[in-house]
Amino acid sequence: MKKLNLFILAILLTVPLYAGESYFGLINNGMGNLQTPYSGKSLGRSFGIASKDSLQVNYRNYAGWTGLPYTTITVNGEYGVLYAENQTRTSQLDNANFKGAALGIPIKPRKWILGLNIQPYTNIEQRLKTLSTVDSNEVTQNIFMHGGLSRANILLAWKAMDRLSVSLAYEYTFGLVSEDVLMDINDNFASRLDFTYRRQVNGHGLVLSMQAELLKGMGIGFLIRPAVKGTLTKSGDTPSTSLNGDVEESIQLPAEYNFGFEYKAFDRYSFGTDFIYQDWKNEYKINGQTTAGFAPFYRLGVGVERAGSPRRFVNYSQIIDWRFGLFYSQLPFELNKANIKEVGVTLGTTLPLIRFRSKLDLYLNVSKRGDLTQNNLQEWVVRFGLSISANELWFVNVEN
């Protein structure tokens with residue numbers, strides 16, 4: 001394992017490498033970089049677990065969906081630019097990604113809500129090139145790793161009391177991580193070998209959540225995902241038939257704990273904080289065994305929001321929401337035997353399209369990930385995203 005870590009570090013420092021979202025995440029038995037999906041509204045202020053979200057669809061706490069009066073859909077997307085630096089070189093990359101979609105269907109408006117959503121969970125997209133010598137022949141390897149895991153949910157949210165909502169969801173975790181290897185051997189035959197290795201994951205779990213207003217304007221929220229147990233299927237497409245058969249192993253994804261607090265004060269101002277925790281070091285297991293190189297993941301976010309005027313007959317500029325937030329997190333793996341930290345700032349706004357029916361949430365996120373001294377690698381990441389939320393308009397009396 002020490003040799004593997006040294007090999008990965010050598011790759012990062014000496015060979016060309018391409019990453020879609022991050023240079024981090026290259027680790028033995030890894031599934032890529034961890035995603036923490038929020039709605040566009042919450043990403044603009046760095047909190048949302050205890051909050052009603054844009055048109056009441058909350059990506060991190062399904063109990064918050066009980067405010068829905070109509071069928072509601074939300075779709076998220078993001079564009080990011082990455083500036084990375086190690087001891088020998090700097091680089092710039094960009095990417096565009098789908099960040100999730102959700103559909104809420106009131107069985108009984110503002111009381112019982114049936115929900116569906118899909119969210120990215122992990123992601124990896126990295127290319128690397130290695131040079132070596134075998135039997136006096138130069139060997140060039142081009143490796144492309146891509147894929148990741150996603151979560152799909154079907155949920156039921158219930159407003160049990162005026163100030164208390166709960167939710168229960170079934171969650172299916174699925175995904176595929178592929179590794180394509182093209183090997184060129186500089187021998188008399190100019191040999192070329194092409195390999196493909198695949199790791200497919202399927203898992204099932206439950207999600208429990210709660211949202212409550214303790215005092216007027218003061219709310220809390222919880223969401224717990226117990227550890228997900230599933231199947232990891234390894235397969236290959238190589239010149240060796242012995243490596244191509246499916247091999248099934250057990251996999252456990254760590255439990256996730258979410259806690260949030262929000263306080264609404266000073267008329268249209270809200271203040272809040274979120275905390276998320278997963279123990280990837282001790283709870284991520286394959287065939288019951290942990291893997292070296294992982295670390296506990298946590299994320300702490302704080303922020304403030306100024307809501308637009310609730311009055312009907314005002315200028316458009318007065319009904320726009322504004323947000324600001326800060327976050328600090330630790331990534332779920334190590335590099336150079338050190339934990340990887342990320343600190344960032346967020347800005348956001350909501351632009352009503354059809355007031356009280358549809359909105360466009362915009363956010364800007366700037367963060368620094370890793371440390372050149374401790375990790376021998378650091379990244380500056382700029383992300384711009386949007387979220388569109390809309391209520392069902394059919395058969396709705398406009399006068400209402």
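Tutor: Accessible areas here come from the Shrake-Rupley method with a 1.4 Å probe, and for residues only the protein chains shown count as cover. By that method the protein exposes about 19,100 Å², of which carbon and sulfur atoms supply 60%.

Tutor: This is a predicted model, where local features need pLDDT of at least 70 and side-chain atom pairs count only at pLDDT 80 or more, while totals for chains, interfaces and linings use all residues. Residues are numbered from 1 along each chain as its sequence is written, and side-chain values use heavy atoms, leaving out hydrogens and water.

Student: How many helices and strands does the protein have?

Tutor: Four helices and 21 strands. Both are DSSP runs numbered from the N terminus: helices are H or I with at least four residues, strands are E with at least two.

Student: How is strand 11 joined to strand 12?

Tutor: By seven bridges, again antiparallel, with strand 12 covering residues 247-253. Thr233 has Glu248 of strand 12 as its bridge partner.

Student: What makes two rings an aromatic pair, and how many are there?

Tutor: Rings of Phe, Tyr and Trp (its six-membered ring) pair if their centres lie within 6.5 Å; planes under 30 degrees apart count as stacked, over 60 as edge-to-face and the rest as tilted. The count comes to 10 pairs.

Student: Why is the pair of Tyr121 and Trp280 called tilted?

Tutor: The centres are 6.4 Å apart and the planes are at 45°. Tyr121 lies in the loop between strand 5 (112-120) and strand 6 (122-134), and Trp280 in helix 3 (residues 280-283), 159 residues apart. Both residues are buried.

Student: And why is the pair of Tyr172 and Phe174 called stacked?

Tutor: Their ring centres are 5.4 Å apart and their planes at 15°, which is under 30 degrees, so the pair is stacked.

Student: What makes the charge of Arg151 sit over the ring of Tyr121?

Tutor: The rule asks for NZ of Lys or CZ of Arg within 6 Å of the ring centre and within 35 degrees of the ring normal. The charged end of Arg151 sits over the ring of Tyr121, 3.8 Å from its centre. The charged end of Arg45 sits over the ring of Phe47 at 4.5 Å.

Student: What makes a set of residues a nonpolar core?

Tutor: The members are buried Ala, Val, Leu, Ile, Met, Phe, Trp, Tyr and Cys residues joined through side-chain atoms within 4.5 Å. The largest such core has 42 residues, where Phe24, Met31, Ile251, Leu253, Trp280 and Tyr284 touch the most other members. Apart from that core lies another, of 12 residues, among them Leu68, Ala102, Ile113 and Leu223.

Note on methods
Pairing = 2+ DSSP bridges. Buried < 20%, exposed > 50% of the residue type's maximum accessible area, 1.4 Å probe, protein only.
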